[in-house]
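Dear colleague,

Please read them with the sequence and the coordinates open beside you.

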Amino acid sequence: MSLRSPLGRALGAGSAKEGVHHWWTQRLSALALVFLSIWFVVSILSLPLHDYATVSAWMSQGWTAVLLILFVITAAWHSQLGVRVVVEDYVHGSGMKALSLALVTFFHVAVAAAGVFAILKVALGGAV
Amino acid sequence: MAERPLSPHLSVYRMYRYSVLTSISNRFSGVVLSAGLIALVYWLMAVAGGARAYGHALAILSSGIFKLLYLALLAAFSYHLLAGIRHLVWDTGRGMERAQSQHSAWLIGIVSLLLFAGLAWWMLVRAGGAP
């Protein structure tokens, strides 16, 4: 016998109204990646050589840099959404799960930050 | 908290059906591509590090084991792209009848194999062969 009212027990236990957010952002990033990933794969395979001069000249072009940044950010975002679900499905125990999810988030933010930094550095002429 | 049922209750499913195989392949190829993202950022950071740093990185990235990784990435890309498009079509409410879904499973399987063969051929015949 609890002194809590039925309403008090039910409050907060239901939907947080955020269930569709993961689904929707996954679809949005997927749609963007259809185009960005095809552009990236075709561009990489089209480069005549992968020596430093060729690659840095390619990355210095305005649209290449912009599309590369969009690709890295969108891919990291989409990857985070996907790996998060894998962890949620296969890592058991609330402590391990929370820790794994935190690491997944940190890792993807770091990957995106490093990628964007590297692209900007080359594109803006900081590389020697 | 009471023990509650967990979602991947593998024992209740019949495995090796097209739906199970296409689903787990999509997930697996996605994880492979996530690993590829690390290689991509390593490569980008190497370019940002200048010509000498890039030379060191390229020596690693051009090794045989990395060539295998690129083939795996192209295979994962080919499958994940088509399986993802299949999901986007499903999201519009189309193609969800069992016969249609079996049909599209075969379709993405065959087309992704062809796409992978084409991309792998492109990668292997062109000069360099690095990322």
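**The contact between α4(A) and α5(A)**

From helix α4(A), the residues Ala65(A), Leu68(A), Ile69(A), Val72(A), Ile73(A), Ala76(A), Ser79(A), Gln80(A), Val83(A), Arg84(A), Val87(A) and Glu88(A) meet a set in α5(A) made up of Lys97(A), Ser100(A), Leu101(A), Val104(A), Thr105(A), His108(A), Val111(A), Ala112(A), Gly115(A), Val116(A), Ile119(A) and Ala123(A). Sorted by class, this contact of α4(A) with α5(A) has 15 nonpolar, six polar and three charged residues.

Please keep in mind that this is a predicted model. In it, helix α4 of chain A covers residues 62-90 and helix α5 of chain A covers residues 94-123, and their axes come within 10 Å and cross at roughly 170 degrees. Because angles over 145 degrees count as roughly antiparallel, α4(A) and α5(A) are therefore roughly antiparallel to each other.

As for the chain that holds these two helices, chain A has five helices and zero strands, and its pattern along the sequence reads α-α-α-α-α. The C-alpha trace of chain A spans about 75 × 25 × 25 Å along its principal axes, and the radius of gyration of chain A is 21 Å, whereas a compact globule of 128 residues would have one near 14 Å. Of the 128 residues in chain A, 23% are buried. Among the contacts in chain A with a separation of 6 or more, 71% are between residues 24 or more positions apart.

Conventions: Residues are numbered from 1 along each chain as its sequence is written. Chains are lettered from A and ligands numbered from 1 in the order in which they are written. This is a predicted model: local features need pLDDT of at least 70, side-chain atom pairs count only at pLDDT 80 or more; totals for chains, interfaces and linings use all residues. Axes are lines fitted to C-alpha atoms, for helices over the stretch in contact, and angles run from 0 to 180 degrees between N-to-C directions. Helices (H or I, at least four residues) and strands (E, at least two) are DSSP runs, numbered from the N terminus. Angles under 35 degrees count as roughly parallel, over 145 as roughly antiparallel, 65 to 115 as roughly perpendicular and the rest as oblique. Two residues are in contact if their C-beta atoms, placed from the backbone, lie within 7 Å. Ala, Val, Leu, Ile, Met, Phe, Trp, Tyr, Cys and Pro count as nonpolar, Asp, Glu, Lys and Arg as charged, and the others, Gly among them, as polar. The radius of gyration is taken over C-alpha atoms; the globule rule is 2.2 Å times the number of residues to the power 0.38. A residue is buried if 20 or more other C-beta atoms lie within 10 Å of its own, exposed if 12 or fewer, and partly exposed in between; C-beta atoms are placed from the backbone.
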